[in-house]
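Trainee: I have a model open and want to learn how to read it. Where do we start?

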There are 2 protein chains.
Amino acid sequence: MVLAVDLGGTKIIAGIISDGQVIAKERCPTPAEEGPQSVISRLFSTLDHILGIKGMKVSQLDSISLAVAGAIDIKRGLVTSSPHLPGWHDVPIRDMVREKYWVDTFLLNDASAAALGEHRFGAGREVSNLALLTVGTGIGGGIIINGGLYNGPCGSAGEIGHMTIDVNGASCECGNTGCLETLASGTAMAEEARKRIARGEKSSMVGMVAGKIEEITAEKVGAAAREGDSLALDVIAGAGTYLGVGMVNLVNIFNPEMIVVGGGVANLGELLLDPARRVVKERAFRLPAQAVRIVPARLGDEGSLLGAAVFAREQSR
Amino acid sequence: MVLAVDLGGTKIIAGIISDGQVIAKERCPTPAEEGPQSVISRLFSTLDHILGIKGMKVSQLDSISLAVAGAIDIKRGLVTSSPHLPGWHDVPIRDMVREKYWVDTFLLNDASAAALGEHRFGAGREVSNLALLTVGTGIGGGIIINGGLYNGPCGSAGEIGHMTIDVNGASCECGNTGCLETLASGTAMAEEARKRIARGEKSSMVGMVAGKIEEITAEKVGAAAREGDSLALDVIAGAGTYLGVGMVNLVNIFNPEMIVVGGGVANLGELLLDPARRVVKERAFRLPAQAVRIVPARLGDEGSLLGAAVFAREQSR
């Protein structure tokens, strides 16, 4: 059994995984603003709690596997930095967990874990090469090549959200310019909607937030779009188009059989994926564009947990 | 022994490769404008010629390996399209060569071949993960992952020059928008120099072409830069900066140990690579940015030949 954790900027999800099944799951909010020490204390209490609920001892675990929303130094087990976890710089979380629980512990990026999960148990079971994008507050990425997770020599590979697609664009929190994330994430969609409303465009979103435009989120954009709000639909189509531009880059460089789109914003479904597919068909090289399938993720928030468990098993061998 | 061919838009180079050495080499111009039939006739006569010079029979060859400057359908042995070879659409060149010479024949992209060549015999011998860019008339690419050429399921992977880095940029011949190739290739440099001279900027390049601005090529830009011409230096630095933006994308997504830069324009050396390195250091994720080495190719025009021979040997196994 593997105790897997998905540690993100808003929530910590812990799951006990046995034979590719999540047999117990706990979630709690991440006290991200309080810094690494608080987050790690909360992580420990969440792990203690899930073990307690199931009446399990640490000795029953094969390993603990941590999927964290940040840049990872896989060899040294560090979270080197994270836009979602303020104050995290070279935090040796793998060894901190290992030393507390005295069990083999592994660390990888959350979107890499989701890619592995979707590949083994979800949308990507029948392919050997895929790219996964998690579109939420930011845009994460993971890559499966020849049936295995591609982490790169440092373990930092897969930052698909941080490719420049607009060299003259806005600065990104990562230090780069015009990243895909700045144009196609949930944050980018909400910002675009707020900006256009502030400029005078009409939208049902204004009523939803009782005029408090600053409260418009990607979820609100999605809700308005489902009710046919034309500004919301247009904002989502715009983000989908940018997402498609990022996918063209992946298709031309990687020739993946599949691109899986997960994360909160992926709930928008075809509203987001249709424009992305159109851009890929129009702009990418013909052969790989015909070959790639662009599909939603299937495993929701269990993708990262299941993938983290697979990673731990494969690393333990 | 492998008879390897590098078929580009301007020249055909054929080489006989034995034990990783080019033991004979022939080159002739590509009659690209005359279309596929003429190019293939010229290819046949080049192959006949080099065999004749060496007094060799086809039966002494293990295989023929074709590295072609175009998009490849590796399973069917087609050149599906090529910006450098007008009129080439789904040309079954692999089988045409196989049927003429009655010997095992293989086909791959020329920059992929160069990546394999540099990995086995050139700049990338000590690493397992690298990306190669050939910067010339266009920008080609090849990827080595875990010590092997990564072609992708269709065999079309590696088109690094055709990633969008300026979503609002110019159309590219490939059908995409704002590709790296439109901003950092030799063609782009020459165009930028001509445009700025036409706008009234001073440069020693004007004298080099006796006032015929349309005759300014990337070679002329390079020659002027070496003599200290400030416009030429600025144009090259600009292209190097864009090249760096493309490299940031590779570093964030792939985490390669090395990026190798080959092709005609790579002769500019540090003038081109220094600004690229600076951008990578400034903008890419810290860990993979520190890890990557950005170096010139070492094998010149023999890289593709040697790599094509390696590809044929590995495919034959």
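Mentor: With superposition: copies are fitted by least squares on the C-alpha atoms of residues with pLDDT of at least 70 in both. Keep in mind that this is a predicted model.

Trainee: What rotation and shift superpose chain A on chain B?

Mentor: A rotation of 180°, with 0.0 Å of shift along its axis. The RMSD is 0.0 Å. The two copies are therefore related as by a two-fold rotation axis. Both copies use the same surface: 100% of the contact residues of chain A recur in chain B.

Trainee: Next, helix packing. At what angle do α3 and α11 of chain A pack?

Mentor: Angles of 65 to 115 degrees count as roughly perpendicular. In chain A, α3 (residues 110–121) and α11 (residues 302–316) pack at about 85°, and their axes are 6 Å apart. So α3(A) and α11(A) are roughly perpendicular to each other.

Trainee: Which residues make the contact?

Mentor: On α3(A), they include A:Ala113, A:Leu116 and A:Phe121. On α11(A), A:Leu306, A:Val310 and A:Phe311 are among them. By class, this contact has nine nonpolar, four polar and three charged residues.

Trainee: Now the sheet. What is the strand order in the open sheet of chain B?

Mentor: Its five strands run β10-β9-β8-β11-β12, with mixed pairing. An edge strand pairs on one side only; here these are β10 (148–149) and β12 (293–296) of chain B.

Trainee: In which sense do β8 and β9 of chain B pair?

Mentor: Antiparallel, over six bridges. For instance, B:Leu130 has B:Ile144 in β9(B) as its bridge partner.

Trainee: What does helix α3 of chain B touch on the sheet?

Mentor: Strands β8, β9, β10 and β11 of chain B. The direction of α3 makes about 45° with that of β9(B).

Methods. Residues are numbered from 1 along each chain as its sequence is written. Chains are lettered from A and ligands numbered from 1 in the order in which they are written. This is a predicted model: local features need pLDDT of at least 70, side-chain atom pairs count only at pLDDT 80 or more; totals for chains, interfaces and linings use all residues. Two residues are in contact if their C-beta atoms, placed from the backbone, lie within 7 Å. Axes are lines fitted to C-alpha atoms, for helices over the stretch in contact, and angles run from 0 to 180 degrees between N-to-C directions. Helices (H or I, at least four residues) and strands (E, at least two) are DSSP runs, numbered from the N terminus. Angles under 35 degrees count as roughly parallel, over 145 as roughly antiparallel, 65 to 115 as roughly perpendicular and the rest as oblique. Ala, Val, Leu, Ile, Met, Phe, Trp, Tyr, Cys and Pro count as nonpolar, Asp, Glu, Lys and Arg as charged, and the others, Gly among them, as polar. Two strands pair if DSSP finds at least two bridges between them.
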